Amino acid sequence: MKFLRDLLDKQKPLFQKGGKLENLYYLYEAGETFLFKPNHTAGIKGAQVKDAIDLKRMMITVVIAMIPCLLFGIYNTGHQHFLATGQAAGLWEDFGPKFLLGLQLVLPIVIVSYAAGGLVEATFAVIRKHPINEGFLVTGMLIPLVVPATLPLWQVALATVFAIVIAKEVFGGTGMNILNVAMTARAFLYFAYPAQISGDQVWTYIGEKTPVDGFSGATALAVAYNAGVEGESVTTALNGHNASLADGFFGFANLFIGWIPGSIGETSTLMALIGAAILIGTGVASWKIIASGFGGAYIMGLVMNMFAVNEYMAMPPEYHLVIGGLAFGVVFMATDPVSASQTELGKWIYGFLIGVLTVIIRVTNPAYPEGIMLAVLFMNVFAPLIDFYVVKANKNRRLQRATV
């Protein structure tokens, strides 16, 4: 590493003030601070608090928390292909080929996401003459995890650029955005290219193989909705769907672990909970938002059961917690420290309403079966309003105590 340090120090004068590449200084700084800790101080007098956490370490912690979802998504992508084409039905059968196939499909999406987003971040950093922020370390990983493995790479790049520019840079960059950037990318894809982000044919890579008889690429949410329309018990439909491939293909255990078609990183509630444990244990994410998000979805599921006018509304509330991307969205999207509520009471309200709205959108609006996307974006907009009234209520209580 000393060789690399010496090389960077030798090139540094070119990028400093008066150097030939002065305008690209912040690109140099980004590479330097990515490889080594910053060698400068705050440059202010007076008492200061020294802490081990900074923005870079915080973002890296979130990326580490997403690794279980990423690795599981890679293997599940290959597993679903082998399952759909009848090559191997066992969960751990042909582990190597499955993982390699998943890696072949998922890794390019991750690379394109980081490359496209990094280019936009670097461009704005040079134009605005400010350091490149580490916020995109998380966004660049989140975007690949919320899309299907079959998504064309040019759409990944386009959605990433759109989300970075429209959802973040126009508001001033990292820390200023009001919308979750990754969810904005997914919403853009959903409305701009619905054929590649929805339907039964996009979730499982088939390639040149022929699917086995009776195979359907439908997600658990699509099966549940169709069962409700046809008046069939949702749990019966889920357990019997794709029965030719595996008994209880959409059984609760399978749904919880994630051996189902879906977006790359969203299928496994178990992996999302492992990520939640890392985020909560390190103090990076609010456990209040996560707990209230799951609680709101469960309670709304119970309410739907009470007024069930179709089988979808009668689906056991615990199923809402393990189908679709609710777990992933609550853990990694709703807890975004920039676009979420900042007050402690506001976090409870914010998370609870995300869970409630997710179930409402799923059950009452078949056009948007994955309710977590719209629920998070909707509550992002209302988070400042929630905090405003929470703070206002606190002020009123203090004024009342002071005048008594």
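## How α13 and α15 cross

In this predicted model, helices α13 and α15 cross in a right-handed way. On the α13 side, the touching residues are Ile289, Ile290, Gly293, Phe294 and Ala297, and they meet Leu326, Ala327, Val330 and Val331 of α15. Sort that contact by class and you get 8 nonpolar residues, 1 polar and no charged ones.

As for the geometry, α13 covers residues 287-306 and α15 covers residues 326-333, with their axes 9 Å apart and an angle of about 150° between them. Angles over 145 degrees count as roughly antiparallel, so that is the label for α13 and α15.

## Salt bridges

Side chains of opposite charge can pair up when their charged atoms come close. Here the count is 4 salt bridges. One of them joins glutamate 121 to lysine 168, with the closest N and O atoms 2.3 Å apart. Glutamate 121 sits in helix α4 and lysine 168 in helix α6, 47 residues apart. Both glutamate 121 and lysine 168 are buried.

Lysine 288 is buried at 17% relative accessible area, while glutamate 344 is partly exposed at 41%. Lys347 joins Lys288 and Glu344 in a network of salt bridges.

## A tucked-away serine

Follow the chain from α15 towards α16 and you'll find serine 341 in the loop between them. Serine 341 counts as buried, with 2% relative accessibility. Its contacts include Lys347, Tyr350 and Asp387.

Technical notes:
Residues are numbered from 1 along each chain as its sequence is written. This is a predicted model: local features need pLDDT of at least 70, side-chain atom pairs count only at pLDDT 80 or more; totals for chains, interfaces and linings use all residues. Side-chain values use heavy atoms; hydrogens and water are left out. Axes are lines fitted to C-alpha atoms, for helices over the stretch in contact, and angles run from 0 to 180 degrees between N-to-C directions. Helices (H or I, at least four residues) and strands (E, at least two) are DSSP runs, numbered from the N terminus. Angles under 35 degrees count as roughly parallel, over 145 as roughly antiparallel, 65 to 115 as roughly perpendicular and the rest as oblique. A crossing is left-handed if the near helix is turned anticlockwise from the far one by less than a right angle, and right-handed if clockwise. Contact means heavy atoms within 4.5 Å. Ala, Val, Leu, Ile, Met, Phe, Trp, Tyr, Cys and Pro count as nonpolar, Asp, Glu, Lys and Arg as charged, and the others, Gly among them, as polar. Buried means under 20% relative accessible area, exposed over 50%, partly exposed in between (1.4 Å probe, protein chains only). A salt bridge is a side-chain nitrogen of Lys or Arg within 4 Å of a carboxyl oxygen of Asp or Glu. Lists of a residue's contacts leave out its neighbours within four places in sequence.
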